[in-house]
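The sequence and model are shown first.

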Amino acid sequence: MRILSFKPGHDGTTALIEDGRLVFSHEAEKGSFPRYGELSPTAVLDAMARMDGPPDVVCLSGWVKGFHSTEPPLGAGYFGFDGSETLVGESRMLGHRVRTFSSTHERSHLLSAYGMSDIEHGSPCYALVWEGNIGSFYEFTPDVRIRRVRAVLEDPGNKYQHIFALADPSSPPQHGGFRFSNAGKMMALTGFARSSPVSRAEGELIEYILDQPSILLTAPKEKLAWSPFHDIGVESQEFKDLAAKHSKAIFERFLAVAEQELTRGLPLLIAGGCGLNCDWNRQWRDCGLFPEVFVPPCPNDSGSAIGTAIDAQLHFTGQSKIAWNVYSGPEFLHDRTREQIRDSFDEHALDLLQVAELLASGRVLAWVQGNCEIGPRALGNRSLLAAPFERKMRDQLNRIKLREPYRPIAPVCREEDVSDHFDWDGPSPYMLYFQHVRDQRLQAVTHVDGTARAQTINAGENPRLHGLLGAFKQLTGAGVLCNTSLNLPGRGFINSASDLIAYVLDRRIDGFVLEDRLYVTRPGPLALTGNEDGTA
């Protein structure tokens, strides 16, 4: 059965599942389109180009006709977990009769985590969906039905970022200053917090925000002008302290319910945008309540098209599991010939030891292999790579990416070496957990609080990157590299040769690896080592 699924709205995505296998998941932002973008004609056309024939089922992930979840529903709508809102019908596509299917946005999160996990079909487990609007625990029963255990907190994701908007003088006045990028910046800033008791002003603000209904509609910034944190600046120490305490308060609300209600020792699945919070994921893993915790690489809305397709597969076939690969995004667009590339770069056949030597000498290289990753994290196919040893490399990469200097740079590590460098055993393939850094040499990837969000690679998942890490270890003694996403500011991953060339030249990157070729920028290394113009 061929199931084509569309997720409208922000993080728009198309996905195809065929006979229980994820064929592709194309996110609208990939290919240098705006981050968090709505489903675009380009994404739809890219998906159609990869299909061998018409689908049997066309899915629409439930959504809304507007900004907020309170607005009129699109398809099956936003809320609903038990399948009662699911819509099934018939239509035509390109002259062919197709079945149609729409289930809720809430179920898209639940089914994406369940269907992509290693938990066997019919094995009971718990699930947590926490995202912009939903914050609830659930249980999957042996007949793959879903019951809600407890609704914990409305709007956890919106409330998490709300204090960033409150403190940021540049935040927009609409919708309480909401911006999708706020949450990731918040996660970075919590690492700078001092250890201190919650003050009266901090406690009043945290409690007000956590108890506020429909916070984006009811708590504009001017309504919170009474708070001393209003427009205080997100890089102030006072805000960093508040950010950590606010994050802790949200997690503790959920943990208290889990300790009371989730007592059967079942695995936990995590979905929703808050599943990108590496600190919270680590705490769930270490809390002792669950024998296993699974977070898919696309826990945010970029996984919703997959989740709705899995839900349709369950409805029509009774099967809830899929085979999938994290590198199921769009293919790279080779819109420049090798002759055109050689106008600005010296070309070499790929030699991993040569690439490792360049990186060990302080060069920064773009790295492009195969298809894009699914989800928002660069996992070794659309990456900027660099040596992990010096703090100035972190600053250099943030300047290249035009990011705030407080943002950390993540490491990628060989799976077999991870415990040598971090307090972690086994795989962590999707960059979704914090680890404490053991290896004091890794200054470029160590955040101010001593943590990193490492991605592990093994030879089966990504043999070429694994081989490069091995060559780098041979030279330096550490099979670890800086790994940050290959993208323009506010854009999804670069996915064409023309964008890649322009980016490397504009940002003065030392070169790039594209499949089996190494291209070194002429007339020589131009890495940004100091000021924006490249001078020291």
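A search of the whole structure finds 0 disulfides, a disulfide being a pair of cysteine sulfur atoms within 2.5 Å. C59 is in no disulfide, and the nearest cysteine sulfur, that of C298, is 15 Å away. This is a predicted model, in which local features need pLDDT of at least 70 and side-chain atom pairs count only at pLDDT 80 or more, while totals for chains, interfaces and linings use all residues. Residues are numbered from 1 along each chain as its sequence is written, and side-chain values use heavy atoms, with hydrogens and water left out.

**Cysteines**
- C59 counts as buried, at 2% relative accessibility (buried means under 20% relative accessible area, with a 1.4 Å probe and protein chains only).
- C482 is likewise buried, with a relative accessible area of 0%.
- The sulfur of C482 is too far for a bond, because the closest cysteine sulfur, in C413, is 12 Å from it.

**D211**
- Helix α5, a DSSP run (H or I, at least four residues), spans residues 200-211 and contains D211.
- Not counting residues up to four places away in sequence, D211 touches K159 and R253 (heavy atoms within 4.5 Å).
- D211 and K159 lie 52 residues apart in sequence, with a C-alpha to C-alpha separation of 9.5 Å.
- The side chains of D211 and R253 make a polar contact at 3.1 Å (a pair of N or O atoms within 3.5 Å, one able to donate a hydrogen and the other to accept it).

Note on methods
Helices (H or I, at least four residues) and strands (E, at least two) are DSSP runs, numbered from the N terminus. Buried means under 20% relative accessible area, exposed over 50%, partly exposed in between (1.4 Å probe, protein chains only).
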